[in-house]
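Please open the model in your viewer and keep the selection panel at hand. The stops below are meant to be taken in order.

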Amino acid sequence: METKREGSEKKVMVVIDENEYSYYALKWVLNNLKESITDSPLVLLAPYSTPNCNNILAAQLSVAGIYSPLSTTLELIISMQERNRKIALGLLEKAKSICATRGVKVETITELGKAKEVICKAVRKNGIDLLVMGDNSNGALKRFFLGSLSNYCLDNANCPVLAVKEPK
């Protein structure tokens with residue numbers, strides 16, 4: 001049976017990505033949840049995805065495949081994936097430096113996969129009590145067609161989810 005932590009022992013996770021809204025969320029946590037992040041390190045998660053290789057793989061099945069061996073294509077995919085990982089690590093470094101200026105201890109996680117699945121898995125694996133995400137306030141139509149990462153996490157994360165909007 002899982003035991004709930006009290007007050008300042010609660011684990012808070014902030015999702016960091018390349019958009020500015022994730023940094024609004026981080027700053028909101030640092031300004032408003034000081035008590036919750038004093039005894040437990042703030043968890044920063046930067047998921048990174050595999051590159052979209054539909055065009056590359058389709059080329060392998062066409063005449064272009066004659067001129068581009070599969071091993072070269074796999075090397076390209078691996079190098080793109082490594083580039084995405086380095087970007088995620090850079091984003092985490094920026095977030096860590098913001099936290100360091102406030103004297104907040106952090107724990108960083110970067111993981112490969114679809115962002116929504118990585119986030120929910122990390123919440124379960126790390127016993128997170130509150131998930132905080134930036135909300136880019138896409139319009140209703142765009143959200144309907146593309147879906148929303150925050151909506152997915154609201155439905156699938158096993159902790160409360162806070163979506164922080166850009167301050168106006």
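This is a predicted model: local features need pLDDT of at least 70, side-chain atom pairs count only at pLDDT 80 or more; totals for chains, interfaces and linings use all residues.

Begin with the largest nonpolar core, which has 24 residues, and select Val14, Leu26, Leu42 and Leu44, the members that touch the most others. Colouring by element shows where this core comes from: strands S1 (12-15), S2 (42-48) and S4 (130-135), together with helices H1 (20-32) and H4 (70-101), each supply at least two of its residues, and H4 gives the largest share, with 6 residues.

Next, centre on Leu26 and display its surroundings, where, leaving aside residues up to four places away in sequence, it touches Val14, Ile16, Leu42, Leu44, Ala95, Ile98 and Cys99.

Now select the cysteines, among which the structure holds 0 disulfides. Cys99 counts as buried because its relative accessibility is 0%. Cys120, too, is in no disulfide, since the nearest cysteine sulfur, that of Cys153, lies 4.2 Å away, beyond the 2.5 Å cut-off; with a relative accessible area of 4%, Cys120 is buried.

Finally, select helix H5 (residues 115-126), whose 12 residues should span 16 Å at 1.5 Å a residue, in agreement with the 16 Å between its end C-alpha atoms. Its buried residues are Val118, Ile119, Cys120, Ala122, Val123 and Asn126, and they pack against S1, S2, strand S3 (106-112), S4 and helix H7 (149-156). Step just past the end of H5 to reach Gly127, which takes a positive phi of about 60°.

Notes: Residues are numbered from 1 along each chain as its sequence is written. Side-chain values use heavy atoms; hydrogens and water are left out. A nonpolar core is a set of buried Ala, Val, Leu, Ile, Met, Phe, Trp, Tyr and Cys residues joined through side-chain atoms within 4.5 Å. Buried means under 20% relative accessible area, exposed over 50%, partly exposed in between (1.4 Å probe, protein chains only). Helices (H or I, at least four residues) and strands (E, at least two) are DSSP runs, numbered from the N terminus. Contact means heavy atoms within 4.5 Å. The expected span of a helix is 1.5 Å times one less than its number of residues.
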